[in-house]
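Subject: Structure handover

Hello,

Please find the structure below, with notes on what turned up when I went through it.

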Amino acid sequence: MKYGPLFGICSKCRTPEELIENILQFENAGAHGVVVDLGELDRQYWTFDDFKKILAAGCRVEKYACFYRNKHTQDVSDETRAEHLLAASCAGADIVDIMGDLFDPTEYELTRNPDAINKQKALIAQIKANGATVLMSSHIKQFRPKEDALKYFYAHYERGADISKAVFACTTEEELQESRRTSDELCAKFPIPFVHVCSGEFGSKYQRYETLLNGSLMTFVRLDDNDIQPGVKSALEYLRRHTPWAAAAGRSVCGEFTGKTAVITGAASGMGLLAAREFAAKGAAVLMVDINRESLEPAVKEICDNGGKAFAVTADVRSYADAEKAAATALEKFGRIDYLLCFAGGYEPRCCRSNVPFYEQPIEVIDWGIDVNLKGAVYFARACMPAMIKQKHGVLVCLGSVSGVEGSANGPMYGTSKNGLSQFVKGVALAGAPHNVRAVCVAPGPVLTRKAMAAMKTPLGRAAEPIEVVDFILQLCSDRSSFITGSTHFIDGGYLCNFGR
Ligand SMILES: NC(=O)c1ccc[n+]([C@@H]2O[C@H](COP(=O)([O-])OP(=O)(O)OC[C@H]3O[C@@H](n4cnc5c(N)ncnc54)[C@H](O)[C@@H]3O)[C@@H](O)[C@H]2O)c1
């Protein structure tokens, strides 16, 4: 069994601003794409620049552009419609919908006129050349037995469409059964992806969720449930309940963090990189921040190649300007910031190659220790928190350490900073609590991001695997941990149990 993504239908948007807001609402609710009817805009906005602005909004959702015939575009010629669809394909639409009767309006939206078909074929070729996917649609809105229904799909295919969509209706149980047979046949034999929608009183009532599972490429959703389409949240919930295998397979469409964004510092290596992979696999968009551009870029590419959403920002966490730039980029690219994970850090004697006692240390080493480990997290929290407050949802995770409890003669700023982070999250927890923003500190013992850590023994007789720490962080970010804030969590194999003896 397979299922496709959820496409939110934007409606009643007369201005680009309204449409952009609607797109972002769907994106934030967890939809995977949006249907944008450009013909619904007031006419002064039928311009390439306005299309471009609209189609650039919401970079986590695919844009499906159409220009249907409706009440206020009745006087618009199909040639003009075609021009706007072509413009949309240049302006960033991922999918462009060509009506099956474009250039020759017919009652059931499928022309048989050879001239019109030739024009459609030429338009399809141009849109494909612009890099967009062509979907051909027919809104029949009546019942058709299987053999007749299939003719619509095959006509779209023969004209060169990449995806075929046909909307029928069912008014009886028998018609619904027949429509299921049509879906089965399409699944078994149809050569391109299809969208088989069945509306009508009976179809809507009994089949509203079936397009989620009947092999259709996509399912159309609204922001809230209505009689014809499910709301995006209930459709996601339905998928979760009916397709547990999908979550197990790590499909982001059902991921726990779908629709959320994580900003991760220190994401080019170690636990930061692993956290970025895990968040992306569970559906979050990840903004990956690191000072090390060379390692960051392939890390981001790897996540994107695996179907995740990731974007790189090279930044030094010691710079507040860089922190602001990262926060602004996350908002611009992904529209929100739900999780801030501050992994950037390190033990200054190792990172600065200075193995002398504190009283002999160059001031640069001391600065590095405190600025990267403590101020870096403080700066990023300051830059990202306003977005979390506005959304009324956010979690800050700082990486502390058992060294925040122990002393170190050669690296006292490391322990001081890690201890400081335990204190810092308390203040952030208090400031964020009225706005549903939580803050926690995770303080590991030795973690095998470096082989050398294996030498640091714990009562469990070993150091932690990085995933053991990252899994715990995922759990803390999840709403399953919604009552946890202001606390420091040691994850150290019992390392501190002997402390002070
Ligand atoms: N590995 C352990 O045993 C262990 C134990 C306790 C706590 N921690 C803490 O966990 C975090 C991650 O540890 P790890 O072992 O995965 O680290 P790591 O060294 O693999 O990764 C740290 C990352 O931070 C980046 N970074 C360093 N300075 C930066 C700066 N100024 N701006 C932006 N990025 C910068 C590095 O380029 C690197 O990619 C650290 O804060 C560390 O102190 C680690």
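Predicted model: local features only at pLDDT ≥ 70, side-chain atom pairs only at ≥ 80, totals over all residues.

In β14, R438 is the bridge partner of V395. Another pair in β14 is V440, which stands opposite V397. In total, six bridges join β13 (residues 394-399) to β14 (residues 437-444), and the two strands run parallel.

How many of the eight residues of β14 are buried? Eight of the eight are, so the strand is largely enclosed by the rest of the structure. Both of its faces are covered: on one side V437, A439, C441 and A443 are buried, and on the other R438, V440, V442 and P444 are buried too.

β13 and β14 belong to an open sheet of seven strands, in the order β11-β10-β9-β12-β13-β14-β15, with parallel pairing. At its edges are β11 (309-314) and β15, each of which pairs on one side only. On average, neighbouring strands of this sheet are turned by 20° against each other, direction ignored.

Two helices are worth noting here. Helix α10 (residues 270-281) lies across β9 (261-265), β10 (285-290) and β12 (339-342), and runs at about 165° to β10. Helix α16 (residues 466-477) packs on the sheet and touches β12, β13, β14 and β15; its direction makes about 165° with that of β14.

Salt bridges

The whole structure holds 21 salt bridges.

- R14 and D42 meet through their side chains in a salt bridge, at 2.8 Å from N to O. This pair links distant parts of the chain, 28 residues apart: R14 is in the loop between β1 (6-9) and α1 (16-29), and D42 is in the loop between β2 (33-37) and α2 (48-55). R14 counts as partly exposed because its relative accessibility is 42%. D42 also counts as partly exposed, at 21%; the buried class requires a value under 20%.

- K165 and D97 form a salt bridge in which the closest N and O atoms are 4.0 Å apart. Here too the pair links distant parts of the chain, with K165 in strand β6 (residues 163-169) and D97 in strand β4 (residues 95-99), 68 residues apart. Both K165 and D97 are buried.

- K375 and D371 form a salt bridge with the closest N and O atoms 3.8 Å apart. Both residues lie in helix α14 (residues 363-391), four residues apart, which is about one turn of the helix. K375 is partly exposed, with a relative accessible area of 36%, whereas D371 is buried, with 17%.

- R69, D78, R81 and D101 are linked in a network of salt bridges.

Surface

Which residues make the nonpolar surface patch of about 270 Å²? V405, F490 and F499 do. F499 is found in the segment after β15 (488-491). With a relative accessible area of 44%, F499 is partly exposed.

Regards

Terms used:
Residues numbered from 1 in each chain as written. Heavy atoms only, no water. Patch = residues over 30% accessible without salt bridge, like charges linked within 9 Å, V, L, I, M, F, W, Y side chains within 5 Å. Areas by Shrake-Rupley, 256 points an atom, 1.4 Å probe, with all protein chains shown as cover. Buried < 20%, exposed > 50% of the residue type's maximum accessible area, 1.4 Å probe, protein only. Pairing = 2+ DSSP bridges. Axes fitted to C-alpha atoms, helices over the stretch in contact; angles between N-to-C directions. Contact = heavy atoms within 4.5 Å.
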